[in-house]
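Here is a friendly briefing to read alongside the model. Keep the 3D view open and follow the topics in turn.

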Amino acid sequence: MQEGSLIARFGRARRDPQLAVLEGLHPLKHALRFGADVDDVVCLDVERIAALAEQLAPDQAQRIRELAHAVAPEVFAQLAPLPPTTGVIALAQRRHVAAVDVLTDARAAPLVLLEDPRDLGNMGACVRVAAAADAAGVLSTGGHDPWAPDALRGAAGLHYALPVTRLAQLDELARGGRPLLALDPQGAPLAPSELPSRAVLAFGTERVGLSAQLLARADARIGIPMRAGVSSLNLATSVAAVLFAWRLSGVAAGAVAPTERPATSPGGTSPS
């Protein structure tokens, strides 16, 4: 492919809802490891990226060597706003899934819901955490594309390890019989062993938290116990705290009774 055509192709891919832009070795290795259809792998030096893959992703090193082709540094510099320091960037087909299919998945694992997240890198970090905890998937509302290049970079390509998609309407949450738990600073203190295994765990933004509409739908509200005076946690940190509290509790199923909104306690946290 000619240099100008390659640059144009990568530029269009950033706006193409069918394509994923994988910036760096870690997104590429995870995409390949979890079965992505990778279309193009461009690098600065094939031998360098193959050697790095042997070190960091030996299970994918041969595949990366076969797929990669080198371009001039001045071309590579134009394939992304901030070219990855590992010297490799790729295009892959997105993995599409309907929100209803994620909600009705019978596997005993919680589902993360991000309501109107504001930062793409933070969204990606939530996907990375959810994949590590083996959650059932990540749903998001709002205007941001959860498969945007910045989100994929923040997730290190782990969008291919679990379902990641948008939730168009809150009404869809009624599908699948999953209890909806709202992370709220005035919620009951988190009790990991009592989290329902198929809960939808809803997280809002650090500044405004969850919407009144979503809180009204919640079956229960839970909060992360924190030191007094600390007002909030980063969104991805909150997701990590709750998911790994659940995972490390060793309890496959439980129940959280719906609660009324109690008074604020000094140990609460914002839903971040």
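Of the 73 residues in the largest nonpolar core, the ones touching the most other members are Leu 22, Leu 28, Phe 203, Val 239 and Leu 243. A nonpolar core here is a set of buried Ala, Val, Leu, Ile, Met, Phe, Trp, Tyr and Cys residues joined through side-chain atoms within 4.5 Å; buried means under 20% relative accessible area, exposed over 50%, and partly exposed in between, with a 1.4 Å probe and protein chains only. Helix 10 (residues 235-249) gives the most to this core, contributing seven residues. Apart from it lies another core of 13 residues, among them Ala 13, Leu 19, Val 21 and Val 75.

This is a predicted model, in which local features need pLDDT of at least 70 and side-chain atom pairs count only at pLDDT 80 or more, while totals for chains, interfaces and linings use all residues. Residues are numbered from 1 along each chain as its sequence is written, and side-chain values use heavy atoms, with hydrogens and water left out. Helices (H or I, at least four residues) and strands (E, at least two) are DSSP runs, numbered from the N terminus.

- Helix 2 is mostly covered, with seven of its nine residues buried.
- Those buried residues of helix 2 are Leu 25, Pro 27, Leu 28, Lys 29, His 30, Ala 31 and Leu 32.
- They pack against strand 1 (19-23), strand 2, helix 3, helix 4, strand 4 and helix 8, where contact means heavy atoms within 4.5 Å.
- Just after helix 2, Gly 35 takes a positive phi of about 85 degrees.
- Helix 3 (residues 46-56) has Ile 49, Ala 50, Leu 52 and Ala 53 buried.
- These four cover an arc of only 165 degrees around the axis, so they sit on the same side of helix 3; the arc is that of the directions from the helix axis to the C-beta atoms.
- As a reminder, an α-helix has 3.6 residues a turn, so residues three or four places apart point the same way.
- The cover over the buried residues of helix 3 includes helix 2 (25-33), strand 2 (38-43), helix 4 (61-67), strand 3 (68-70) and strand 4 (88-93).

**Strands 8 and 10**

- Strand 8 (residues 180-189) and strand 10 run parallel and are joined by five bridges; two strands pair if DSSP finds at least two bridges between them.
- Leu 183 stands opposite Ile 222 in strand 10.
- Strand 10 (residues 220-223) is covered on both faces, with Ala 220 and Ile 222 buried on one side and Arg 221 and Gly 223 buried on the other.

- How many aromatic pairs does a search of the whole structure find? The search finds one.
- Trp 147 and Tyr 160 form this pair, which is edge-to-face, at 5.2 Å centre to centre and 85 degrees between the planes.
- Trp 147 lies in the loop between strand 6 (137-140) and helix 8 (149-154) and Tyr 160 in the loop between helix 8 and strand 7 (164-166), so the pair ties together parts that are 13 residues apart in sequence.
- For pairing, rings of Phe, Tyr and Trp (its six-membered ring) must have centres within 6.5 Å; planes under 30 degrees apart count as stacked, over 60 as edge-to-face and the rest as tilted.
- Both Trp 147 and Tyr 160 are buried.
- Arg 94, in the loop between strand 4 and helix 6, is buried too, with a relative accessible area of 12%.
- Not counting residues up to four places away in sequence, Arg 94 touches Trp 147 and Tyr 160, and its other contacts include Asp 16, Leu 19 and Asp 145.
- A polar atom of the Arg 94 side chain lies 3.4 Å from the backbone oxygen of Pro 17.

**Two aspartates with positive phi**

- Asp 116, in the loop between strand 5 (111-114) and helix 7 (120-132), has a phi near 50 degrees and is partly exposed at 30% relative accessibility.
- Asp 134, in the loop between helix 7 and strand 6, has a phi near 65 degrees and is partly exposed at 40% relative accessibility.
- Most residues other than glycine have a negative phi.

Technical notes: Polar contact = N/O pair within 3.5 Å; in protein donor to acceptor, adjacent residues only side chain to side chain.
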